[in-house]
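Please look over the sequence and the model below before reading on.

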Amino acid sequence: MSEFMYINPAMKNPKTGENVRETEVKKLQTMTGAGKKIVGLEMTVPELAALCDKNIDPQHTYGNAAECCAKTVAQNAENLLAEYKGQDVVFVTNRVDVDSIASFVLADRFLQGQSVEYNENVAKINEHDAFQGAKWNGPKPIEQAFDPDNKTAALASSIRVFMVTPKNIEDVEQFIDTGNVDETTMNNYRIVQNGIIERVKSGEIKTEVVGGVAYVETTLSCATNVGYSMAPVVVAVNPAMKLGPQGEPFRKVSICQHEVGYADLNAVADRFNQIESGWGGSPTFKGSKQGENCNISLSDIKKTVFAHLAPEYKAKVTSNTGIAGSGKGLGE
């Protein structure tokens, strides 16, 4: 059986001063020196991805917004992994989520000589990870932003994002094979989602809609779903994101659209890269640099995103369709 390992993408530990990046780079170099083959699964930090023998990352590296890593592995295992059969392989990721874990499960099965297929449950993971659900059909109450019976979302919410655990691997494997998620996980998911709804209502999670774009500020990993209940284009601001439990907090900005056609996010990222480097992603998702503060002001972000809305959508917004502007305001 191959190994699956989390690689911390942080630069340093603010409490101890440890150079985390240097430690993780040495870890990868040591494994390579020991003859291990390192295969990345969504290694989104270029410096770390470059140390992998191969990095499988259709969304973030190759800009394929419609295809998650697990789908790529399921459909292309022979081409991607045949050369590693019989070798000492370590799969690594700096994004521990349901997609990267599912990718490992499928890849490991292939290397063990088992059959691998793109079944309906892997398709559900792809739909969840790549936001390939129904098209955006207008604003809705925050209570309808979350489906309490969504098993894939519940499974995803149970993942320990800063470590790989045997329980998470077991749960994802069970879902791939049966589509089942245990009731404890489902109940915990519902409790968390109800808490998010209350935080939005109270203003603890800050939201506003300006020029047909939803702006959401929170340190929780719910900004996209919250934003899409308000508008098809979302700017998520996390003022204190961490890469790992001991990571140094930084301001992270992400911009996404429910599906292609609402905004030219490539043009937005190009503009922001002229101001600060590191913006990247797919046509439906762009994010500021990992591990470093995004210093672009919210007012500049608003102007730039609105300037690059698709003409048809901008026309609807400016004709007062009900999503031009609302909310409590985020401020700067």
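The sections below cover the basis of the model, its nonpolar cores and one of its strands.

## Basis of the model

The model is predicted; local features need pLDDT of at least 70 and side-chain atom pairs count only at pLDDT 80 or more, while totals for chains, interfaces and linings use all residues. Residues are numbered from 1 along each chain as its sequence is written, and side-chain values use heavy atoms, with hydrogens and water left out.

## Nonpolar cores

A nonpolar core is a set of buried Ala, Val, Leu, Ile, Met, Phe, Trp, Tyr and Cys residues joined through side-chain atoms within 4.5 Å; buried means under 20% relative accessible area (1.4 Å probe, protein chains only). The largest core holds 83 residues, of which L81, F91, V226, V235, I255 and V305 touch the most other members. Helix α4 (residues 98-111) supplies the largest share of this core, 9 residues; helices (H or I, at least four residues) and strands (E, at least two) are DSSP runs, numbered from the N terminus.

Leaving aside residues up to four places away in sequence, V305 touches V213, Y215, V233, V235, I255 and V268, where contact means heavy atoms within 4.5 Å. Another core, of 12 residues, lies apart from the largest one and includes I7, L28, I38 and A49.

## Strand β2 and its partners

Strand β2 (residues 37-41) is mostly covered, with 4 of its 5 residues buried. Two strands pair if DSSP finds at least two bridges between them. β2 pairs in the parallel sense with strand β4 (residues 89-93) over 4 bridges, and I38 has V90 in β4 as its bridge partner. With strand β3 (residues 54-56), β2 forms a parallel pairing over 3 bridges; there, L41 is partnered by I56.

Definitions and conventions: Buried means under 20% relative accessible area, exposed over 50%, partly exposed in between (1.4 Å probe, protein chains only).
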